[in-house]
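Here is a walk through one structure for someone meeting it for the first time. Take a look at it, then read on.

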Amino acid sequence: MKEEQTHQSIAGDPFKKVTDFILNPCNEQVKKEECIMKNKLTELLQNKPEGLLNIFYTAGYPQLEDTTTLLTALEYSKVDLVEIGIPFSDPLADGPTIQESSKIALENGMSIEKLFSQLEKHTVKVPLLLMGYWNPVMQYGLEAFCKRCHEVGVDGLIVPDLPMSIYQTEFKEVFEKYHISNIFLVTPQTSDKRIREIDKNSNGFIYAVSSASTTGSKTDFSAAADYLGKLKGMNLNTPILTGFNIKNKQNFQDACEYVNGAIIGSEFIRQITDVEDISHAAATFVASIK
Amino acid sequence: MSYQVDEKGFYGEFGGAFIPELLYPNIEELQENYLEIEKSPEFQKEFHQLLKDYVGRPTPLFLAKRLSAKYGAEIWLKREDLCHTGAHKINNTIGQILLAEQLGKKRIIAETGAGQHGVATATVCALKGLECIVYMGEKDIKRQAPNVARMKMLGATVRPATSGSKTLKDATNEAMRDWINNPENTHYIIGSVVGPHPYPDMVARYQSVISQEIKNQMQGLPDYVIACVGGGSNAMGAFYHFLDDQEVQLIGVEAAGLGIHTNKTAATLTLGTPGVLHASRSIMMQDKDGQVVEPHSISAGLDYPGIGPAHAWLKVSERARYMAVTDADALIAAVEVSRMEGIIPALETAHAFSVLKDLELKPTDRVVINLSGRGDKDMNTYMEELNLL
């Protein structure tokens, strides 16, 4: 109920036209072809840099208010991108570590609205992504969600259970209106034809799952080398980050041989679990990787 | 109006395949092949042969005279409880194991709530010599112990799902994670008309033998077809060939748990709202933030916060009616059917019987109840709840 009121008050804002113009330079007043996706993420990626480190953690974990504490620590540690997970009761593309962190975050009272209000109080400097399952986003309302993302400094979304075909036909316009990049996944089982299609439809990076596994559940990185080598050889237009089983400096460097960077999630969450000072733990971990 | 799935996998606004990219190749493979394989003469021949000689079909349609006298209408029971393994679930697993064989899969996974689907999957895997892993909520492993023992006897591995409510929803999450981790050699036999397209349609087709037989066994059309609904596979099987016969009233019966006004309930269609759960858009029980609400039912097979997208569409388009029955009323109905007809029904099935008292039946009405499973697996619960010891 409270959320609905918030949305309504945004819609009923007398300065709506002015704010719309500032927030959405790509609205109907501007011709479509002039609208080019522009945000902190696309700026970072425009020259296809290498060795990018993207750290993932779950919003509201280990404590509800740790979301921005960690963001500050990561910005200070000079990570290249940050990805914050929106906890969901049924995270079926995630492994045990992230599942557990989601469960605790929900118990802590984390919600989409809470996350936005936390981010609002923080001036986000780093390119920032949110990762979340489709149902909570759908219940929030996609348009309201994208608008809030844009307002609080979110540049991209990873919605693992929103298929590309449905995104393309139903939701692409809304994402683009608010300058939100949509990040697609590819796996070793994804056909070359589909990889090319994903490349064509991407406006951020491609998230290459480095082994056919839910997050964090495999230990051996070497198995991914052939697959990442193949991706490198395809000379795609979109930069590639790989994820799902990077744990240490060696894994990170191995991955960066092939692609533009890597995402560390489960291991980072383990590093900030049961420690006294999460900022220190986060900074120490990042320093050990970069 | 069409009640069948469209070419994009939707029933009206419900359905689709909201799958992670990790499952895209598997789902695409199924979408491209399931109809062709089902229609092939080899599949048809073996499917019907196995249903006849192995499952024991056609199952009888039995006139329950004492119940008929009590409720003042003709009450017919479709005896799915007489299927091999004790429930309708095996109709679907026979179909899917033949499909898996055609696709060259060597490893089978499944989720189970009451354990009937797990047993039916373990059974067909033994029949075909395939590896079988069944995910089952930790809570359900305790309350359906006889079925856990049967699965193990049949050579299956039973893996407990320990997250969330430790019931069917969580077992389904674990099975999907397994499939993501083993995308190439594994087929996931979903046990109900839920999950991403093509599962709801595929499972409905394999279960549709139930309504096909009812049509053959009855002179003319029934006035009512009643079935319990968790995910909705036995109901969809019983409704399937009557969907376009508008004069047949279709009634699905959900589990109200402790009551629809308590927070201990599984009455999805009564209380739920549209959302995406287990990769399809349907109606589900969720809070205002879109988090899935943990359900409750005394019956493990109905203890699920979602429902098949076809049922959501039948409800919204008003083709079928859905009612909710409490744990206590289901127990009363189970005792009544046992003592009046000499048939101990599964707890799930007992819910369907409980609505007889709420319908305004006429003496000329002909009511078919899908007796989806037998109650052997529920004896522990019956003994505890009814003080039978």
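In chain B, helix α5 (residues 116-128) and helix α7 (residues 145-153) have axes that come within 9 Å and cross at roughly 10°. These axes are lines fitted to C-alpha atoms over the stretch in contact, with angles running from 0 to 180 degrees between N-to-C directions. Angles under 35 degrees count as roughly parallel, over 145 as roughly antiparallel, 65 to 115 as roughly perpendicular and the rest as oblique, so α5(B) and α7(B) are roughly parallel to each other. Helices here are DSSP runs of H or I with at least four residues, strands are runs of E with at least two, and both are numbered from the N terminus.

This is a predicted model, where local features need pLDDT of at least 70, side-chain atom pairs count only at pLDDT 80 or more, and totals for chains, interfaces and linings use all residues. Residues are numbered from 1 along each chain as its sequence is written, while chains are lettered from A and ligands numbered from 1 in the order in which they are written.

Back to that helix pair. The crossing of α5(B) past α7(B) is left-handed; that word applies if the near helix is turned anticlockwise from the far one by less than a right angle, and right-handed applies if clockwise. On the α5(B) side you'll find B:Q116, B:G118, B:V119 and B:A122, which meet B:N147, B:R150 and B:M151 of α7(B). Two residues are in contact if their C-beta atoms, placed from the backbone, lie within 7 Å. Sorted by class, this contact has three nonpolar, three polar and one charged residues. Ala, Val, Leu, Ile, Met, Phe, Trp, Tyr, Cys and Pro count as nonpolar, Asp, Glu, Lys and Arg as charged, and the others, Gly among them, as polar.

Now for helix α4 (residues 89-102) of chain B. Its axis and that of helix α2 (residues 41-55) of chain B come within 10 Å, crossing at roughly 145°, and this crossing is right-handed. From α2(B), the contact uses B:F43, B:E46, B:F47, B:L50, B:L51 and B:V55, and from α4(B) it uses B:I90, B:N91, B:I94, B:G95 and B:L98. That gives eight nonpolar, two polar and one charged residues.

α4(B) also packs with helix α9 (residues 199-207) of chain B, at an angle of about 115° and with the axes 8 Å apart. This crossing, too, is right-handed. Here B:N91, B:N92 and B:G95 of α4(B) meet B:V203, B:Y206 and B:Q207 of α9(B). The classes in this contact are two nonpolar, four polar and no charged.

What about chain B as a whole? It has 16 helices and 14 strands, and its C-alpha trace spans about 55 × 45 × 40 Å along the principal axes. Buried residues make up 61% of the 389 residues. A residue is buried if 20 or more other C-beta atoms lie within 10 Å of its own, exposed if 12 or fewer, and partly exposed in between, with C-beta atoms placed from the backbone.

How many residues does each chain bring to the contact between A and B? Chain A gives 31 and chain B gives 26. α7 (134-140) of chain A provides the largest share of its chain's side, five residues. By class, the chain A side has 17 nonpolar, eleven polar and three charged residues.

A:F145 is in helix α8 (residues 142-152) of chain A and is buried, with 26 other C-beta atoms within 10 Å. Leaving out residues up to four places away in sequence, A:F145 touches A:V137 and A:Y140.

| Residue | Phi | Loop in chain A |
|---|---|---|
| A:K78 | about 65° | between α4 and β2 (81-85) |
| A:D274 | about 55° | between α13 (266-271) and α14 (278-289) |

A:K78 is exposed, with 12 other C-beta atoms within 10 Å, and A:D274 counts as exposed with 8.

Finally, the cis peptide bonds. One runs from A:Y61 to A:P62, with omega near -5°, and another from B:H197 to B:P198, with omega near 20°. A:P62 lies in the loop between β1 (52-58) and α4 (66-76) of chain A, and B:P198 in the loop between β8 (186-189) and α9 of chain B.
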